[in-house]
Amino acid sequence: MRIEGAHGYRLVAVGQPLERFDLPTLEPGPDEVILEVAGCGVCHTDVGFAVDGIPTRKPLPLVLGHEISGRVVAAGDHSASWLGRSVIVPAVIPCGACPACQAGRPTVCRNQFMPGNDGDGGFATHVRVPARGLCLVPESSALPLELLSVIADAVTTPWEAIRRARIGPDDVAVFVGVGGIGGFGVQIAAALGAAVVAIDIDADKLELAAKHGAGLTLNSSPMNERDLKTAVRNFAKQSGRKNIGLKIFETSGSPAGQQTAFSLLDFGGYLAVVGYTSHKIELRLSNLMALDAMARGNWGCPPDQYPAALDLVLRGKIAIAPYVELHSLDEAPAVFEAVVRHSITRRVILKPVSEP
Ligand SMILES: [Zn+2]
Ligand SMILES: [Zn+2]
């Protein structure tokens with residue numbers, strides 16, 4: 001089974017616009033599938049590759065995009081059962097065989113495959129990916145398949161951070177930065193029963209968070225650290241939640257957000273670092289010791305967690321539509337520029353439009 005005539009948009013050099021590219025004939029290996037892409041989310045990480053010069057593991061030129069949903073249109077000999085299925089491709093696909101995978105730490109697998117980083121990704125009409133770890137979308141799904149693409153990273157990465165933090169009904173969860181990642185985090189934590197605080201500097205994002213799970217929203221731009229801390233602690237007290245220590249999620253990926261998140265740590269607190277920035281901040285690490293607190297990060301999410309996250313979306317506990325905007329794949333160069341300039345603030349999903 002070969003797929004001819006596919007096209008995508010690739011990054012040729014850092015700082016240059018994405019360029020239309022006719023993909024060569026695509027043929028799946030035995031353990032691979034070819035997807036007809038339904039949608040591909042545009043992530044901060046793509047901007048990092050294209051603008052900040054963070055090197056892709058497979059050298060440029062490369063088709064970016066790692067938040068992919070689609071339908072399997074060709075499958076290798078060992079992957080035939082996937083043919084015709086609708087799927088979400090995990091952003092990070094572990095090898096399943098190395099010591100890290102065997103030890104139950106698939107997110108740190110050194111042989112992992114990330115579309116749009118280790119090979120051509122989803123800013124395309126078709127993409128070739130390993131069949132391992134694909135997340136099946138049930139035929140009964142009432143949501144358009146392209147909307148589900150953002151589950152591949154923007155939903156599952158906070159999902160994994162929240163799972164590791166063991167969030168439950170006796171917790172107070174605080175999200176610093178409630179754009180794509182944090183906005184989904186707020187909804188997941190609320191669905192698990194936690195009382196949720198949303199902190200941001202953007203009034204629109206806070207308004208959306210208030211509609212989708214946040215019990216308290218705080219605009220941190222006019223507030224100093226002390227007032228912010230007081231407001232969060234008063235909310236925690238009034239919420240009546242019994243667990244000791246706030247569970248704080250840094251989902252802004254900005255130095256200011258990281259400062260804020262660290263400053264909110266209280267006795268027995270927990271800090272999850274979900275956002276990424278290449279910048280450094282100055283902090284007193286000994287606060288962890290003095291507060292008996294904990295900080296940890298996670299690189300993506302193991303594929304075996306995807307079905308549970310998808311289920312929460314399909315049951316309507318996580319709203320995707322208000323957090324995204326759809327654009328045609330062929331607008332990719334201009335839309336990507338707009339994301340870089342921050343003139344688009346919602347998460348963009350690129351959707352190939354079938355030719356009339
Ligand atoms: Zn990403
Ligand atoms: Zn591995």
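Biologist: What makes up the secondary structure of this predicted model?

Modeller: The protein has ten helices and 16 strands, where helices are DSSP runs (H or I) of at least four residues and strands are runs (E) of at least two, numbered from the N terminus. In this predicted model, local features need pLDDT of at least 70 and side-chain atom pairs count only at pLDDT 80 or more, while totals for chains, interfaces and linings use all residues. Residues are numbered from 1 along each chain as its sequence is written, chains are lettered from A and ligands numbered from 1 in the order in which they are written, and side-chain values use heavy atoms, with hydrogens and water left out.

Biologist: What makes a residue buried?

Modeller: Buried means under 20% relative accessible area, exposed over 50%, and partly exposed in between (1.4 Å probe, protein chains only). Of the 356 residues, 54% count as buried.

Biologist: Why is helix H3 described as largely enclosed?

Modeller: Eight of the nine residues of H3 (residues 156–164) are buried, so the rest of the structure largely encloses this helix. Among those buried residues are Trp-159, Glu-160 and Arg-164. They pack (contact means heavy atoms within 4.5 Å) against several elements, including helix H4 (180–191) and strand S9 (172–176).

Biologist: How many aromatic pairs are there in the whole structure?

Modeller: A search finds three. Rings of Phe, Tyr and Trp (its six-membered ring) pair if their centres lie within 6.5 Å; planes under 30 degrees apart count as stacked, over 60 as edge-to-face and the rest as tilted.

Biologist: Why is the pair of Phe-123 and Phe-336 called edge-to-face?

Modeller: Their ring centres are 6.2 Å apart and their planes lie at 65°, so the pair is edge-to-face. The pair links distant parts of the chain, 213 residues apart. Phe-123 and Phe-336 are buried.

Biologist: And what makes the pair of Phe-175 and Phe-249 stacked?

Modeller: Here the ring centres are 4.7 Å apart and the planes are at 10°, so this pair is stacked. Phe-175 lies in strand S9 and Phe-249 in strand S12, so the pair ties together parts 74 residues apart in sequence. Both Phe-175 and Phe-249 are buried.
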